Amino acid sequence: MSQGPRIIIIGATSLIAEHCARRWVTQGASALVLVGRNAARLEGIANDLRVRAPGVGVQWREADFQDPGRIQALADELCRAGPVDVVLIAHGSLPDQAHCQSDLVANREALMVNAVSPALFAEAFAGHLAAAGRGTLALVGSVAGDRGRKSNYVYGAAKGLVTRYVQGLQHRLAGSGVGVVLIKPGPTDTPMTAHMKPSGARLADPAVVARTIVDGIAAGKAVIYAPAKWALIMMVIRHLPARIFNKLNI
């Protein structure tokens with residue numbers, strides 16, 4: 001019997017990532033490595049996964065998400081430990097747009113967490129996967145990256161960088177045996193979007209979003225909108241003429 005995949009999740013304490021991990025451990029993964037910044041949360045998620053799938057090896061690592069040298073060292077260590085089948089880079093935060101406009105430190109932090117850090121992790125793992133000629137590198141972007149909007153353009157710009165970075169990696173690694181996947185969730189019911197509930201925002205179930213992601217990665221998709229309806233919604237938004245778009249309060 002062939003051994004199941006070994007999967008590394010960066011930003012494993014995000015709710016979407018946690019639900020992806022739950023699906024993977026029940027679908028035959030042999031090992032998961034959970035990487036995050038909160039040791040207590042990582043341990044709790046790891047214990048939950050071990051209960052769900054006792055036969056799966058689940059490890060966790062607390063890590064630095066901003067220092068380039070430490071990010072590279074972590075990727076080197078995890079890839080030396082064994083073949084890697086999937087790397088999911090899922091961390092991020094939803095900043096307050098008005099705060100980012102008035103506080104450039106907050107602005108910089110939002111761009112670092114949502115754009116620069118994921119790109120550094122992607123680059124750190126890309127070379128290892130390319131050398132092995134196998135594996136999948138998947139990055140969580142957002143529908144917000146499809147077009148800048150006044151309500152969240154700092155976050156949208158960060159996710160737009162992730163989109164372009166993934167496109168460049170897809171071009172670079174085409175034909176190498178390495179898959180590169182861009183994941184674009186719509187608004188999802190997570191702690192990051194809790195402030196949107198009082199206004200009646202319709203938020204997707206994170207378990208449904210995770211299923212779309214896991215299934216899409218398995219199917220070898222290059223771009224995954226989750227839920228899928230957002231592909232059509234964002235196509236319309238991207239193609240609206242500026243004279244119409246600029247009148248919208250979105």
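**Entry 1: ground rules.** I am working with a predicted model, where local features need pLDDT of at least 70 and side-chain atom pairs count only at pLDDT 80 or more, while totals for chains, interfaces and linings use all residues. Residues are numbered from 1 along each chain as its sequence is written, and side-chain values use heavy atoms, with hydrogens and water left out.

**Entry 2: the sheet.** I looked up the strand order first. I found an open sheet of seven strands, ordered β3-β2-β1-β4-β5-β6-β7, with parallel pairing. Helices (H or I, at least four residues) and strands (E, at least two) are DSSP runs, numbered from the N terminus. Two strands pair if DSSP finds at least two bridges between them. β3 (57-62) and β7 are at the edges with a single partner strand each, so one side of each has no neighbour in the sheet. Neighbouring strands are turned by 15° against each other on average, direction ignored.

I then checked one pair. β5 and β6 (residues 179-185) run parallel and are joined by five bridges. In this pair, L137 stands opposite V180 of β6.

**Entry 3: helices on the sheet.** α6 packs on the sheet and touches β5 and β6. Its direction makes about 160° with that of β6. Helix α5 (residues 104-132) lies across β1 (6-10), β4 (86-89) and β5, and runs at about 175° to β5. Such angles run from 0 to 180 degrees between N-to-C directions, with axes fitted to C-alpha atoms, for helices over the stretch in contact.

**Entry 4: helix α8.** Which residues of α8 are buried? In this helix (residues 229-239) they are W230, M234 and I237. Buried means under 20% relative accessible area, exposed over 50%, and partly exposed in between (1.4 Å probe, protein chains only). Seen down the axis of α8, the buried residues fall within an arc of 55°, so they line one face of the helix. The arc is that of the directions from the helix axis to the C-beta atoms. I noted the general rule beside this: an α-helix has 3.6 residues a turn, so residues three or four places apart point the same way. L232 and H239, on the other side of α8, are exposed. The cover over the buried residues of α8 includes β7 (223-226) and α9 (242-245).

**Entry 5: D146.** I found D146 in the loop between β5 (136-140) and α6 (153-173). Is D146 buried or exposed? It is buried, because its relative accessible area is 14%. Its side chain makes a polar contact with the side chain of K184 (2.6 Å), and another with the side chain of Y225 (2.6 Å). A polar contact is a pair of N or O atoms within 3.5 Å; within protein, one must be able to donate a hydrogen and the other to accept it, and residues adjacent in sequence count only if both atoms are side-chain atoms. Not counting residues up to four places away in sequence, D146 touches K184, Y225, M234 and R238. Contact means heavy atoms within 4.5 Å.

**Entry 6: E62.** E62 is in strand β3. It counts as partly exposed because its relative accessibility is 48%. Leaving out residues up to four places away in sequence, E62 touches G36, R37, A39 and L42. I also took one distance: E62 and V223 are 161 residues apart in sequence and 29 Å apart in space, C-alpha to C-alpha.
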